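Open the structure in your viewer, and keep the selection tool at hand. The stops below say what to select next and what is there.

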Amino acid sequence: MSVKFEKETIRDTPIPGGRKHEIAHEIGERLTGGNTMTGYLAAYLEQLQKNPLRTKMLTSGSLAALQEVLASWIAHDRSKHGDYLSARVPKMAIYGAFISAPLGHVLISILQRLFKGRTSLKAKILQILISNLIVSPIQNSVYLVSMAIIAGARTFHQVRATVRAGFMPVMKVSWITSPLALAFAQKFLPEQTWVPFFNIVAFVIGTYINAHTKKKRLAALRKKHYGDGRSNSGRTDDFSKRDY
């Protein structure tokens, strides 16, 4: 009798943390796959191995569109319809999928091939230097050109002015974050996980820069609007058409 009572007591004893602990464990299992390697991350990495460019294009396009929406929400930058789904969202998705992803795929693949099997400290430092002095300038230049065109620049001089004004500020951010991110990846991550990791890092940094730029532009529009009493023009979702 006593044995039966003890078994029932053990069976009915709740796990510390209760249902919340079980839910957190289940979410972790689905994300990482646990010991079975069947989670979302494992499925994503499998697709990354089978269809690398397509997977990167879908990832980059989705994150670029989400970045634009999130940055607009942070900066309270509403479209002329009063929401955060401006005409820039599909343009950013196109940029992410058809420009950023293929370019990053080629540059990162070359960088990894150059240093494949080289794990010395000298090789890691050289990889970081090449990334910051060659890869990042190329990616940032293409990014600024694309952003200028998306923002409405149509002449070579307009695009060049945008690149010249934004290149060094963007490069300074890259020179701070890129070495840290690459050093972290070299130390802790297998090469097949570098792409999603760098996508997440770029998403966070890009959202911050985008939101900061939107806030500055909105502040300038407010100052112009209340300073000279004239309406604004130049963008289809300009200040005069917003819900302030």
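Select E68 and R88 first: in this predicted model, their side chains form a salt bridge (a side-chain nitrogen of Lys or Arg within 4 Å of a carboxyl oxygen of Asp or Glu), with the closest N and O atoms 3.1 Å apart. The pair links distant parts of the chain, since E68 lies in helix 4 and R88 in helix 5 (residues 88-114), 20 residues apart; helices here are DSSP runs of H or I, at least four residues long, numbered from the N terminus. Are these two residues buried or exposed? E68 counts as buried because its relative accessibility is 0%, and R88 is buried with a relative accessible area of 14%, where buried means under 20%, exposed over 50%, and partly exposed in between, using a 1.4 Å probe and protein chains only.

For another salt bridge, go to E46 and K50, where the closest N and O atoms are 2.8 Å apart. Both residues lie in helix 3 (residues 40-50), four residues apart, which is about one turn of the helix. E46 counts as partly exposed because its relative accessibility is 42%, whereas K50, at 54%, counts as exposed.

Next, select helix 7 (residues 156-188), which bends by about 40° at F167 and has a proline, P169, following within four residues; the bend is the angle between axes fitted to the seven residues ending at a residue and the seven starting there. Among the buried residues of helix 7 are V163, G166 and V170.

Finally, colour the model by pLDDT, the predictor's confidence in each residue from 0 to 100. Confidence is lowest in helix 1 (residues 2-12), at a mean of 47, and highest in helix 4 (residues 52-75), at 94.

Residues are numbered from 1 along each chain as its sequence is written. In this predicted model, local features need pLDDT of at least 70, side-chain atom pairs count only at pLDDT 80 or more, and totals for chains, interfaces and linings use all residues, while side-chain values use heavy atoms, leaving out hydrogens and water.

Note on methods
Helix = DSSP H or I, 4+ residues; strand = E, 2+ residues; numbered from the N terminus.
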